[in-house]
Amino acid sequence: SACSLEVEALDMPEKGASHRNQEPHVLRNLLEMDEDLIRTVWPAERVVVGVLSCTRLKTLLKKARCAVLTVRRLPHVEISDTALQSFEGDVDLSCRGMSSGPVQPLINAAANGWHRVVRLDMRDNCIGPDGAARLAISLSRFAHLEQLLLGLNGMGVVGMGHIASILPYCRQITVLDLSSNQIGDNGAKDLAQTLPCCRRLGTLNLSSNVMGVEGIGAIAPELQKCEHLASLHLRDNKIGDDGVGLLALCMPGLTAVTSLHLGDNFITADGAGHLAEALPCCGSLREFELRGNQVGTEGVGLLSSVLKQCPSLSALDLADNRIGEEGAGLLASVLPQCQEIGRLSIGGNMAGEEFCGLLASVLPHCSLTHLDLKRGDIGDGGAGLLAPALPQCTTLRVLTLSRNHVGSDGAGLLASMLPQCPALTHLDLAGNSLWPEGAGRLASTLGLYPALTTLDLSRNNVGDEGVGLVATVLPSCTNLRRLSLGWSQMTAEGAGLLSSMLPQCHSLRTLSLRGGRMGPDGADWLASVLPQC
């Protein structure tokens, strides 16, 4: 079966910078060969037809100070312990989406041969408890490990115990991803016992782990000992109101936390009350995510009352919390007092038309850069109330109004105002009811948007007529880079209209036409012009 080994040899990044963000200085080589061939040539002193020789590869790696190795689909391949024995720089090893059998020999070789593995990515490998036990033996030798990513591995409670036991040997870890491993409360307790050893820990991801009150109760006090913890991910667990109460008691001690994710945790108004008491004490918190809970009107009211006491908060996500029109109104009323909040997500709350009127009255006094109102049930009326205020929101860059029952009338009102938004770069109107008429109204001003780079009109039943109207103005959209017209009921006729304009769209980089009905004839139209794009 086919396999690949990707190697980058990099210069050492400046202190404090991630080497993954640096351009390869010496080598970036992708070898594609079958399993037997890789056994034969790696690290043999011979030339592989069509690629650089392994001899040169080894020579360059000896000179490099940092190597990034990405391995995919390598069944039962063992890399010799001596393959890189002379390489003493940092190694970033990624083995995602494989299985525990092929992975273990690779990890053993790395542990024996590469003494400075700084990043190990083994997400989505289904290693299970037994694989976690074998992996733990190798990890105990990775004294320089800084990032350990083990999400989506089904380790369970037993596997978590094995991984937790080696953390005292990995004192340099700054990023630890254990998401989607079903560790439960007992696994969380095992982790809590050794977590304080990771004094440099900056990011901890425990999302999707069936962790409840007992688990968070064990973890939360120990988190206070991780003095550099900045990002905490606890999404999709079973923490509930009692668990979030225990976490809230410890939040004042999490002095470095800038990002807290508590979405989908069965938190109601009582839990929101606990968080409201703790938030003013979190002076460093910049990003707070609570989506997918049930805080309701009462809960959002409690949270809104303390937002002005959170001077660093810049991103707030309360989507899908059943807050309704009244709760959304309470939130909107305090926004002018929260000038640091730039990203606001309140979609899926059935905020309704009335909320749009209140939001429109405060938008000019806010500093929002991202506004997400998807699934807000605002309709044409809400769009009409919101539209006149948008040009006064001079910082707004991203506007999401998908799945809001906005029709052609609402589209027309938005089209008349959005070109006056100087900073708007992303507009998402997917899943509405624009039909061809609405698409035409938007198209009539599309070339006037000064900064628009991304437009999503998918799932709007605009049909061939609507696609044609949008296509005719695309050449005048000189900044548009991404356009989505998926599930638009476009046939071969619409594909032909679009094809006639694509060669003139010099800025367009991504075009999505998923879910259409253009058939072979439409595909032929597009294929005929793609070489000119």
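Let me start with a term: a patch is made of residues with over 30% relative accessible area and no salt bridge, where like charges are joined within 9 Å and nonpolar side chains (Val, Leu, Ile, Met, Phe, Trp, Tyr) within 5 Å. Accessible areas come from the Shrake-Rupley method with a 1.4 Å probe, and for residues only the protein chains shown count as cover.

This is a predicted model: local features need pLDDT of at least 70, side-chain atom pairs count only at pLDDT 80 or more, and totals for chains, interfaces and linings use all residues. Residues are numbered from 1 along each chain as its sequence is written, and side-chain values use heavy atoms, with hydrogens and water left out.

First, the whole chain. It has 18 helices and 19 strands. Those are DSSP runs, numbered from the N terminus: helices are H or I with at least four residues, strands E with at least two. Of the 533 residues, 56% count as buried. Buried means under 20% relative accessible area, exposed over 50%, partly exposed in between (1.4 Å probe, protein chains only). The accessible surface comes to about 21800 Å², and carbon and sulfur atoms hold 50% of that.

Now the patch. Val213, Leu246 and Leu249 form a nonpolar one on the surface, with about 260 Å² of accessible area together. Val213 sits in helix α7, residues 213–223. Its relative accessibility is 35%, so Val213 counts as partly exposed.

Stay with α7. Glu214 and Lys189 meet there in a salt bridge, 2.9 Å from N to O. A salt bridge is a side-chain nitrogen of Lys or Arg within 4 Å of a carboxyl oxygen of Asp or Glu. Glu214 lies in α7 and Lys189 in α6 (residues 184–194), so the pair ties together parts 25 residues apart in sequence.

Next, Arg235. Which residue forms a salt bridge with Arg235 at 2.5 Å? That is Asp264. Glu289 also forms a salt bridge with Arg235, at 3.0 Å. Glu289 is in strand β11, Arg235 in the loop between β9 and α8, 54 residues apart. Glu289 is buried, at 6% relative accessible area. Arg235 is partly exposed, at 25%. The whole structure has 12 salt bridges.

Last, helix α12, residues 352–362. Its buried residues are Gly352, Phe355, Cys356, Leu359, Ala360 and Val362.
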